[in-house]
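Trainee: I have a new structure to read. Where do I begin?

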Amino acid sequence: MSELNYLDTALSRVHPAWLATFRQADIAHQLQQIDQALTKRTQAGEIIYPPRDAIFAALGKAPDKIRVVILGQDPYHGDGEAMGLSFSVPDGVRIPPSLRNIYKEIASDLALSLPTSGNLSGWADQGVLLLNSVLTVAANQAGSHGKLGWQHVCDALLDTLNRENPGCVFLLWGNWAQSKAKRIDSQRHAVFCAAHPSPLAAYRGFFGCRHFSQANAWLQAHGYAAIDWSAK
């Protein structure tokens, strides 16, 4: 992999089993271009989220240890919100509307109380991959890094997961996430689709989808431990 400037510290948090994906010639070239763009933007004074060392925070477990995949689009763009895990915010940060709706569905599906923190690290620790399609964003500018090439990197990561994981659950919410279903071998993995949990869409099929109990039922039927969706 070519030497990187902005992304160097981010890669230190990636599980070694993912590095072969980053070393693929086309992905290594894409990362080099992204790195150059991020370096220029910061030199021009742009504030970028999440913090550099958290950009690849979702990739802390090997591909074959992932049990559930939840895809997001791009990081939160407010100060202190993004932490490198899709839908997640650090302790003490106001829970965003989409995550609040996710919590409501979990509470209804599994008869759990609503959490008071939006930090989903407890899910990630159990093998829930919280992956955004775009891994960086400019402060207060939603979608601002959508054309840097991150989607190609995300697709390569999904392809690696599809190929190397013995079987996991993909929760695809909204049209964008569902467009990735074609990359998933549904004979080996479980794929559950629903509307996005955003306030504009949650009542059109997210509420009542029962994806969390269904994911656990599939995992247990295939010899894996259920996810503790109340974990912090």
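This is a predicted model: local features need pLDDT of at least 70, side-chain atom pairs count only at pLDDT 80 or more; totals for chains, interfaces and linings use all residues.

Trainee: How many residues does helix 4 have, and what span does it reach?

Mentor: Helix 4 covers residues 97-110, which is 14 residues. From first C-alpha to last it reaches 20 Å, close to the 20 Å expected at 1.5 Å a residue.

Trainee: Which residues of helix 4 are buried?

Mentor: Buried means under 20% relative accessible area. In helix 4 the buried residues include Ser-98, Leu-99, Ile-102, Tyr-103 and Ile-106. Asn-101, Glu-105, Ala-107 and Asp-109 are buried too.

Trainee: What covers the buried residues of helix 4?

Mentor: The cover includes helix 5 (121-124), strand 5 and helix 8 (211-221).

Trainee: Let's turn to strand 5. How do I read the side chains of a strand?

Mentor: In a regular strand, side chains alternate between the two faces of the sheet. Now the case here. Val-169, Leu-171 and Trp-173 point one way from strand 5. Phe-170 and Leu-172 point the other way.

Trainee: Why is strand 5 described as largely enclosed?

Mentor: Count its buried residues. In strand 5 (residues 169-173), 5 of the 5 are buried, so the rest of the structure largely encloses it.

Trainee: Which strands are joined to strand 5 by bridges?

Mentor: Strand 2 (residues 68-72) runs parallel to strand 5, with 3 bridges joining them. Ile-70 has Leu-171 as its bridge partner in strand 5. Strand 6 (residues 190-194) is also parallel to strand 5, and 5 bridges join these two. There, Phe-170 has Val-191 as its bridge partner.

Terms used: Residues are numbered from 1 along each chain as its sequence is written. Side-chain values use heavy atoms; hydrogens and water are left out. Buried means under 20% relative accessible area, exposed over 50%, partly exposed in between (1.4 Å probe, protein chains only). Helices (H or I, at least four residues) and strands (E, at least two) are DSSP runs, numbered from the N terminus. Two strands pair if DSSP finds at least two bridges between them. The expected span of a helix is 1.5 Å times one less than its number of residues. Contact means heavy atoms within 4.5 Å.
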